[in-house]
Amino acid sequence: GRFLDVEVDYYNGVKKYSGIFYEDGDDYSYAIHTTNSESQFHDRMRSQQDLGRQLIDFEHYDTGTTEYFAGIWVNDPNQPVTTLYYGLRTQEIDSLLSPLEGRVIDIERYYSEKHGSFRYAMIVAAHPGGEWAVEKYTTGAVIDEQQIAVGGPDTPMIDFEMYNTPFGLRYGAVWGSAHKSL
């Protein structure tokens, strides 16, 4: 199988993980690096690309004093080339979604110390078309509705985010059609 998504954060000073793992019988090499500065993350991206792996998940988290970047890279021969966009404001991510040149496989909302505000990151695979859906910064009820309307065996959820905001919990998710590589 292969990883599709990992969440990393600190809770009560302890680093915790959760993730989505796709069990399809194929076993491709992968790398997960979770404790990187921004420059270390860029070095990881270059070294993983040199090994033929594509970035399929991006995470940003902090300990309260230090920002960290994390990612998952896979060496799946079916995985199209991916591009990471990060540090995006809401209107920038909206402009990337319409018209979409590729396929969204990851979306992340995070507080950027560098920018002093909330920002988004998005990974797009060079694979246009296919049935998919993206929701960002929405309620659990909307995610549930989308899961009923879009999700299922042909369009699994491939990325999930949860944000604790002053207005309560908000969620983001990406659904992708069941191509060999998600």
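R109 is found in strand β7 of this predicted model. With a relative accessible area of 14%, R109 is buried, because the cut-off for that word is under 20%.

- Leaving out residues up to four places away in sequence, R109 touches F118, R119, Y120, Y137, Y163 and T165.
- From C-alpha to C-alpha, R109 and L51 are 28 Å apart in space, and in sequence they are 58 residues apart.
- E108 also has its place in strand β7.
- E108 is buried but has no salt bridge; R109 is the nearest side chain of opposite charge, and it is 9.7 Å away.
- With residues up to four places away in sequence not counted, the contacts of E108 are F58, E59, H60, R119, Y120, A121, E161 and Y163.

**The sheet that holds β7**

- Strand β7 belongs to an open sheet of three strands, in the order β6-β8-β7, and the pairing is antiparallel.
- At the edges stand β6 and β7, each with a single partner strand, so one side of each has no neighbour in the sheet.
- From one strand to the next, the twist averages 15°.
- How many bridges join β7 to β8? Strand β7 (residues 103–112) is joined to β8 by nine bridges, and the two run antiparallel.
- Within that pairing, V104 has V124 as its bridge partner in β8, while S112 stands opposite S117.
- Strands β7 and β8 form a hairpin with four residues between them, and G116 in its turn has a positive phi of about 70°.
- Why is strand β8 (residues 117–125) largely enclosed by the rest of the structure? Seven of its nine residues are buried, so the strand is largely enclosed.

**A second topic: the sheet of β3, β5 and β4**

- Another open sheet of three strands has the order β3-β5-β4, with antiparallel pairing.
- Its edges are β3 (30–36) and β4 (54–62); each has a single partner strand, so one side of each is left without a neighbour in the sheet.
- Neighbouring strands of this sheet are turned against each other by 10° on average, direction ignored.
- Five bridges link β3 and strand β5 (residues 67–74) in the antiparallel sense, and A31 stands opposite W73 in β5.

**The nonpolar cores**

- The largest nonpolar core has 31 residues, and F41, L55, F58 and L84 are those with the most contacts inside it.
- Two or more residues of this core come from each of β1 (2–11), α1 (38–50), β4, β5, β6, β7 and β8.
- Which residues is L55 in contact with, leaving aside its neighbours within four places in sequence? They are F41, M45, G71, I72, W73, T82, L84, I105 and I123.

Note on methods. Residues are numbered from 1 along each chain as its sequence is written. This is a predicted model: local features need pLDDT of at least 70, side-chain atom pairs count only at pLDDT 80 or more; totals for chains, interfaces and linings use all residues. Side-chain values use heavy atoms; hydrogens and water are left out. Buried means under 20% relative accessible area, exposed over 50%, partly exposed in between (1.4 Å probe, protein chains only). Two strands pair if DSSP finds at least two bridges between them. Axes are lines fitted to C-alpha atoms, for helices over the stretch in contact, and angles run from 0 to 180 degrees between N-to-C directions. Lys and Arg count as positive and Asp and Glu as negative; His and the chain ends are not counted. A salt bridge is a side-chain nitrogen of Lys or Arg within 4 Å of a carboxyl oxygen of Asp or Glu. Contact means heavy atoms within 4.5 Å. A nonpolar core is a set of buried Ala, Val, Leu, Ile, Met, Phe, Trp, Tyr and Cys residues joined through side-chain atoms within 4.5 Å.
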